[in-house]
Amino acid sequence: MSDIDDDALDDGQEEEEEEPAEETSINERDEDEEEEKEEEEEAEAEEPPPHVPLTEEMLKDGLSLLCKTGNGLAHAYVKLDIKEKDLTDISLLQSFIHLRYVDLSQNALRDLSSLGALTHLLYLRADHNQLVTLKGLGELPYLQVASLAQNRIKSLEGFAHPQLEKLNLIGNNLHELNGLECSKLDSLRTLELRSNQLESTAGLYLPKLRELYLAQNNIKRLEGLESLVSLTTLHLRDNQLETLDGFSERMQALQYINLRSNMVTNLQEIKKLQCLPMLRALVLRENPCEEEEGYRMETLITLHPLQRLDKDFFEEEEKTEAAETRKTRLEAEILDA
């Protein structure tokens, strides 16, 4: 046997010997994933933090903005700011019914049900707590802004506030939106859902919504968008979209779409955006289709109302060239027919 044959044989033996190591590596990864899952489950079932109730002393330090009450016959503090106190219990607030602006960020709250009595509340911020659910908060008839970012919220069931205009849920654990009580959120204009675990857009029946931020999720499917007839801004950066199915001709107001860092391979997918007559700005950077020849010009030919692709506005020369190419192709199609 030649030296070459010997070398080839040795290589084959080495490959055969390495296969069990690869199998072991896969098993080790599986075990690591299982351990990580168990650690997550343990974290969810971890011991509650030490009981730290809201005290009258904290209230005195946190209350401000003295205003007339609704009947105009008395005065009450309407603003409360109590942050970074590790609070777990805010039941003392149930009697402070005149509060309008409340900030309880950076505590250890797992429950906001005590705020259900604050029927004059306009603004609520409870970022960086340990909230898992929003049940028990009840319906706050005048609430306009709610920020509940960086919690552990898994479900939006029971969250219903008819005057709410802006909702921030960045950095929670939402996997789906089907629990959203859209009929009781019909004033919502801006919805922030970045950095959750969403795989679909299903469940958003919000005809008055204007801005929707869904970046940094795991979205693979665009579903239920046809109800978003007032939407002007749609942010879908850092998701897992391979196609652009799901856009609807009913989305007559949509002007801006950010699809940066998705998985759109075929530039022909942008034809599915032709149903959007008001689309003026599109971001497709860091998708595989960006590497296609003529990426910029072909996008403008397909979506002629577009004014900006990625960071750059189209020049007049580009618009003229695109219009001429579009006309030439249309004439060729007519002749071929």
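Leaving aside its neighbours within four places in sequence, which residues is E192 in contact with? They are L167, N168, L169, I170 and Y213, where contact means heavy atoms within 4.5 Å. Before going on, a word on the model: it is predicted, so local features need pLDDT of at least 70 and side-chain atom pairs count only at pLDDT 80 or more, while totals for chains, interfaces and linings use all residues. Residues are numbered from 1 along each chain as its sequence is written, and side-chain values use heavy atoms, with hydrogens and water left out.

**The chain overall**
- The protein chain has 4 helices and 13 strands; these are DSSP runs numbered from the N terminus, with helices being H or I of at least four residues and strands being E of at least two.
- Of its 337 residues, 37% count as buried, and buried here means under 20% relative accessible area, with exposed being over 50% and partly exposed in between (1.4 Å probe, protein chains only).
- Take the contacts between residues at least 6 apart in sequence: 31% of them join residues at least 24 apart.

- Strand 1 (residues 63-68) and strand 2 (residues 75-81) run antiparallel and are joined by 5 bridges; two strands pair if DSSP finds at least two bridges between them.
- Within this pairing, L63 stands opposite L80 in strand 2.
- The hairpin of strand 1 and strand 2 has 6 residues between the strands, and G72 there takes a positive phi near 75°.
- Strand 2 also pairs with strand 3 (residues 101-103), this time in the parallel sense over 3 bridges.
- D81 has D103, in strand 3, as its bridge partner.

**Two buried spots**
- Back to E192: this residue sits in strand 7 (residues 190-192) and is buried, at a relative accessible area of 11%.
- The side chains of E192 and R194 are joined by a polar contact of 2.8 Å. Such a contact is a pair of N or O atoms within 3.5 Å; within protein, one must be able to donate a hydrogen and the other to accept it, and residues adjacent in sequence count only if both atoms are side-chain atoms.
- S261 lies in the loop between strand 10 (256-258) and strand 11 (281-283), and it counts as buried at 16% relative accessibility.
- Neighbours within four places in sequence aside, S261 is in contact with D238, N239, R285, E286 and N287.
- S261 and N287 are 26 residues apart in sequence, yet 5.4 Å apart in space, C-alpha to C-alpha.

**Helix 3**
- Helix 3 is largely enclosed by the rest of the structure, because 6 of its 8 residues are buried.
- Those buried residues are Y295, M297, T299, L300, I301 and T302.
- Their cover includes strand 11, strand 12 (308-309) and helix 4.

**The largest pocket**
- The largest pocket is lined by 21 residues, and Q274, I301, T302, L303 and R326 lie nearest its centre.
- Helix 3 (295-302) and helix 4 (316-336) are the elements that give two or more residues to this lining.

Conventions
1 Å grid on protein atoms, 1.4 Å probe; cavity = no way out; pocket = protein on both sides within 12 Å on 5 of 7 lines; lining within 4 Å.
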